[in-house]
Amino acid sequence: MKLKVLPPTLRKNNRYLTVEIKVMCPITKDDLVSIIWDACIRFQGELNTANFNLWVMKFFEIEKTEDYFQYKAIIRCQRGFVDDVRSSLALANRYNGDRIAITTIGLSGTIKSSQKYI
């Protein structure tokens, strides 16, 4: 039996955040996922975070300097919760004892248009 595809009127509307991550130690995509979830759960709680529909779509290593590693990523969240996700990410400042800074550099309705910020 073949599954039916939801029509566009019944799908959740998503927004794509392009974020810049500066961290003192190297991280992977899985590390970024745990950083994002921990930050959102600490600030918003489990009930609100479950509504965010968070997902890391793409993860890029941009630059490696003497002081820090710089990454960029595209994060999917549900429309209407963008401000909550942005505020939670801004409050993340530590990962395994090292400093980390996550800033939002772009917001878009599609992945393709969010890649112009990378």
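Mentor: Two strands pair if DSSP finds at least two bridges between them. Helices (H or I, at least four residues) and strands (E, at least two) are DSSP runs, numbered from the N terminus.

Trainee: Before we start, what kind of model is this?
Mentor: This is a predicted model, in which local features need pLDDT of at least 70 and side-chain atom pairs count only at pLDDT 80 or more, while totals for chains, interfaces and linings use all residues. Residues are numbered from 1 along each chain as its sequence is written, and side-chain values use heavy atoms, with hydrogens and water left out.

Trainee: Which residue stands opposite Val56?
Mentor: Val56 has Ile75 in E3 opposite it. Strand E2 (residues 55-64) and strand E3 (residues 69-78) run antiparallel and are joined by eight bridges.

Trainee: And how many residues does the hairpin between E2 and E3 use?
Mentor: The hairpin passes from E2 to E3 through four residues.

Trainee: Which strand pairs with E1?
Mentor: Strand E1 (residues 14-23) pairs with strand E5 (residues 98-108) in the antiparallel sense, over eight bridges. Within E5, Ile102 is the residue opposite Ile21.

Trainee: What about E4?
Mentor: Strand E4 (residues 94-95) pairs with E5 over two bridges, also in the antiparallel sense. Tyr95 faces Asp98 in E5. A hairpin is formed by E4 and E5 with two residues between them, and Asn96 in its turn has a positive phi of about 50°.

Trainee: Is Asn96 buried or exposed?
Mentor: Asn96 counts as exposed because its relative accessibility is 64%. The terms work as follows: buried means under 20% relative accessible area, exposed over 50%, and partly exposed in between (1.4 Å probe, protein chains only).

Trainee: Where is Asn53, and what is its phi?
Mentor: Asn53 is not a glycine, yet it has a positive phi of about 55°. Asn53 sits in the loop between helix H2 (46-51) and E2, and it is partly exposed at a relative accessible area of 24%.

Trainee: Changing topic: how does one describe two packed helices?
Mentor: One gives the angle between their axes and the distance between the axes. The axes are lines fitted to C-alpha atoms, for helices over the stretch in contact, and angles run from 0 to 180 degrees between N-to-C directions.

Trainee: At what angle do H1 and H3 pack, then?
Mentor: Helix H1 (residues 29-44) packs with helix H3 (residues 82-90) at about 105°, and their axes are 8 Å apart. H1 is therefore roughly perpendicular to H3. Angles under 35 degrees count as roughly parallel, over 145 as roughly antiparallel, 65 to 115 as roughly perpendicular and the rest as oblique.

Trainee: Which residues meet there?
Mentor: From H1, Ile36, Ala39, Cys40, Phe43 and Gln44 meet Asp84, Ser87, Ser88 and Leu89 of H3; contact means heavy atoms within 4.5 Å.

Trainee: Now the rings, please. How many aromatic pairs are there?
Mentor: The count is two aromatic pairs. Rings of Phe, Tyr and Trp (its six-membered ring) pair if their centres lie within 6.5 Å; planes under 30 degrees apart count as stacked, over 60 as edge-to-face and the rest as tilted. Phe52 and Phe81 form a tilted pair, at 5.5 Å centre to centre and 50° between the planes.

Trainee: And what of Phe59 and Tyr71?
Mentor: Their ring centres are 5.2 Å apart and their planes at 20°, so this pair is stacked. Phe59 is partly exposed at 23% relative accessibility, whereas Tyr71 is buried, with a relative accessible area of 2%.
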